[in-house]
Amino acid sequence: MHLLRKQNPLHLLITAAILALMFLLPVVIRSSTLILIFTLIIWSAYLTSCWNFVGGFAGVLPLGHSAFVGIGAYTSTVLFQTWGLSPWWGMLAGGVLAALVGVIIGIPTLKMRGAYFALATIAIGEGLRVLVENVKQVGPFNINGPSGLLIQLSKSSFAHFQFVSKVPYYYIILVMLLLVLLLTYLMMNSKIGYYLAAGGEEPEAAQALGIKVSRYKLIAMAISCFLTALGGTFYAQMMLYFYPKSIFGLDLSYEIAFIALIGGRGSILGPVLGAMLLKPVSELTRIYLGDTLPGMHLVIFGLVLIVVMRYQPKGLIVPARRLFDRLFNKPGEPEDKGPKTAIAASEAD
Amino acid sequence: MSLLEVKNVTKRFGGLTAVNAVDMHVEQGEIIGVIGPNGAGKTTLFNCIAGAFPPTNGSIRFNGQELAGKKPYQICRVGVTRTFQVVKPFASKTVLYNTVVGAFAKTNQLHEAEQRALKILRELDLYDKKDVLSRSLTLPERKRLELARALATEPQLLLLDEVMAGLRPSEVSEMLPTIRKINESGVTIIIVEHIMQAIMNLSDRIYVINFGKKIAEGDPSKVVADPEVIKAYLGDEYVAAQH
């Protein structure tokens, strides 16, 4: 609790205002298309925040995270289709399975540095997609190969994780995002967060200080994969139809990584900022250029990434934070004390 | 029983024997100097003790516990912490953050780790710099931070790998009392160093290593008078000329 007390009251007020605005959004906006777009923006921010646990803090660049979105979506759906298990339980099961897979993948790959880890995750992600596309049946579960899965409509209820209106989905993913951001904040201010940062930056020095670097990276990987899979179930329940390319694809993996890099990886709000700026671009290009130039959004993201990496290698969160400070902190006033300073300073340099 | 007992330690890299059957013992509360010409194998011996690589042969016992073959993080947890010759700060983090990482070795609470870290920063005259990013520190400050971080793990035995290399003479004389203060607080120290002034000044006993072998040990004043040591540093001809 002492973490809360250290905050500037003005910052708390602004945070509360933004939260209120987000919770009231569906009341103000009546267009279901707009609600859907906002939901997808928040979903993107959620996935990127999950990615951030590994990509932002453990000092590696995962480029195959859609594998875990896919595991989440497929697990909850086949459990529901085959045994009628509530998607909420299926969501948990998918999370656990994804965490397991993540750890198994992580044990050999997290020892690699730089581009090698990134390449390994691309290969594993793509391998998994090809596998799912070519398999019709796993044990009792029908996964239906390349045609994907259609979730049977049942009544609109919380227990079935199915709603006619898009508004409940908006609130569910909003709460999920807020919980993940809270978790990120708590992790950054804990031993795990410090050890991850240390191991990511100078593994040799970290080891000399008693840190088993590989163990902490695996913990981060397990958390990240678990949470990512929950996002997969959410997507499946909202769209009620998905196929391997839509959910296991490389472009989703890249989109997550692009959003994180452009927004600012390793910070709490970088992924949110990135999603707010980039997801509308990808949705609009999909609506207007989807037929003529599919994948145009990735081209745009790539160009933006080049510019951002050239001028703000730590992501757009850095100038955003500077702007915020200029508007709301009096000049010369020191920033809030305590663990927050360490984080703020590390991001703002 | 000695705090640290190194027996017959050998380290080979392929055909090269970097450390050759070295014996060494360190008692509780001592400052031990390890000297020798460039490439003598000092740092290799040091790395064997710290677990950076396992010795090919021999045993290293700390409080009776075998260290040979343990990983660096395990060695830190039993109470032996090292610093690096080429300092390795977590550059994008503040001085306090760096030190807190060390302090987490003995606690799980951020608040407590911070309190311990701040205390150490005060002792090492780094308190004013606590919110500075470690990449913007000067070299002497970085060396101090390296010390602070290692001390934060609360070691029984501190291994210092050339903490004074690259410092100006005035900066060296500032560092000496700091190291002595650390020792007086109850931490045993092994120090590998090139700067003779520093090592003569600090050490209770000195080990001299050349071509991987121990060629002399004992009291600093005796060791520098040893003809073997003079030969190693200044060459055969110098010894011959003296006679």
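Modeller: Start with the pairing of strand S1 (residues 4-13) and strand S4 (residues 57-62) of chain B, in what is a predicted model. The two run antiparallel.

Biologist: How do you know that S1 and S4 of chain B pair?

Modeller: Pairing takes at least two bridges. S1 and S4 of chain B have five bridges, so they pair. Val6(B) stands opposite Ile60(B) of S4(B).

Biologist: Which strands make up the open sheet in chain B, and in what order?

Modeller: There are four, in the order S2-S1-S4-S5, with antiparallel pairing.

Biologist: Why are S2 and S5 of chain B called edge strands?

Modeller: Strand S2 (16-26) and strand S5 (65-66) each pair on one side only.

Biologist: What makes a residue of chain B count as in contact with chain A?

Modeller: The C-beta atoms must lie within 7 Å. By that cut-off, 27 residues of chain B are in contact with 23 residues of chain A. Helix H2 (72-78), strand S6 (80-82) and helix H3 (95-103) of chain B each supply at least two residues of that side. H3(B) gives the largest share, five residues.

Biologist: How confident is the predictor in chain A?

Modeller: The mean pLDDT is 87, on a scale from 0 to 100. In chain A, 92% of residues reach 70 or more.

Biologist: Where does pLDDT stay under 50 in chain A?

Modeller: Over residues 332-349. The model has 33 contacts beyond four places in sequence for that stretch. Where pLDDT is low, predicted coordinates should not be read in detail.

Methods:
Residues are numbered from 1 along each chain as its sequence is written. Chains are lettered from A and ligands numbered from 1 in the order in which they are written. This is a predicted model: local features need pLDDT of at least 70, side-chain atom pairs count only at pLDDT 80 or more; totals for chains, interfaces and linings use all residues. Two residues are in contact if their C-beta atoms, placed from the backbone, lie within 7 Å.
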